[in-house]
Amino acid sequence: MNTQAIRSRKRSTGGVPLVMVTAYDVAGAYFADRAGVDILLVGDSLANVMLGHRDTLHLTIGDMVRHVEAVASVSPRAHVVADLPWPTYHEGRNEAVRAGAALVRAGAQSVKLEGGAKRTDVVRALLDAEIPVMGHLGLTPQSVLTMGGYRVQAKSEEAARLLVEDARHLESLGVYSLVLEGVPASVGTLVTATLDIPTIGIGAGPDTDGQVLVFHDILGLSLGPTAKFVRRYAELGEAMTEALARYADDVRSGSFPTLAESYEIDPDEPSATSSGRTG
Ligand code: KIV
């Protein structure tokens, strides 16, 4: 799916809600794509759920490139968008384009970045370099230090007004869609009604043009408690523990492997010299 197709998916004009899920590796990308999701986000939540960091500030462009390559290697039908990691786009236009180009060369079809009007220069630079941009407003995890934690944003009327202004501004710059994270449902509704580009919500209520969740949260693979907005569709963590414990039992009891799970000598196999020397 390309950015033009995503851009036109507004529910207000009859579009079916967009389905986005994070993906970080071959198996995740393969199964999410097979499930028919529209967009695979190689999100910087990679830092938390795959690499064990407590925030997304520890992720490097090298980490992102490696995981985008893994996701793109399954040639998904879904659109692949990748997060620009902090602080690649805080250091100026050139650095942002270099990082965006590295993600595109790794297999991303667009990049996502956090923030509104203050990102004007870098959004323009990326678009000038022909790299499509997805915006991200509301709870922006890369701002955890300045936000004072992971808190729901735009809870006051004034903050909601500023967020709508930022959203409009990003749209006017040319972003093709906008993630809205951790905002009151009424703000999700308002921003969605204000914009011509689709909004994709996570903890932003039911009215956005699409929804995104973290792969590990959906499947019961997250280690800590999950946020209120998460709906779990499977308990794969439990299933994995149970399967691996059975494997451990079988090894310890000697019931794995059986001879049927082993190789045998083949009398027809030509013998090879052990050293490979001819003399
Ligand atoms: O990195 C991520 O998982 C994200 C989503 C929460 C939107 O940016």
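In the predicted model, Pro87 lies in the loop that joins strand S3 (79-83) to helix H5 (93-106). The peptide bond leading from Trp86 into Pro87 is cis, with omega near -5 degrees. Pro257 belongs to the segment after helix H11 (236-253). As a rule, most peptide bonds are trans, and most residues other than glycine have a negative phi.

Ser75, with phi near 45 degrees, is placed in the loop between H4 and S3. The relative accessible area of Ser75 is 62%, and the residue is therefore exposed, the cut-off being over 50%. Glu130 has a positive phi of about 65 degrees and is located in the loop between helix H6 (120-128) and strand S5 (133-138). Glu130 is likewise exposed, at 68% relative accessibility.

Helix H2 spans residues 26-34, and its buried residues are Gly28, Ala29, Ala32 and Asp33. Viewed down the axis of H2, the buried residues fall within an arc of 120 degrees and so line one face of the helix. In an α-helix there are 3.6 residues a turn, so residues three or four places apart point the same way. The buried residues of H2 are covered by elements that include strands S1 (18-22) and S2 (39-42), together with helices H4 (61-72) and H10 (215-219). After H2 comes Gly36, which has a positive phi, near 90 degrees.

Technical notes
Residues are numbered from 1 along each chain as its sequence is written. This is a predicted model: local features need pLDDT of at least 70, side-chain atom pairs count only at pLDDT 80 or more; totals for chains, interfaces and linings use all residues. Side-chain values use heavy atoms; hydrogens and water are left out. Buried means under 20% relative accessible area, exposed over 50%, partly exposed in between (1.4 Å probe, protein chains only). Helices (H or I, at least four residues) and strands (E, at least two) are DSSP runs, numbered from the N terminus. The arc is that of the directions from the helix axis to the C-beta atoms. Contact means heavy atoms within 4.5 Å.
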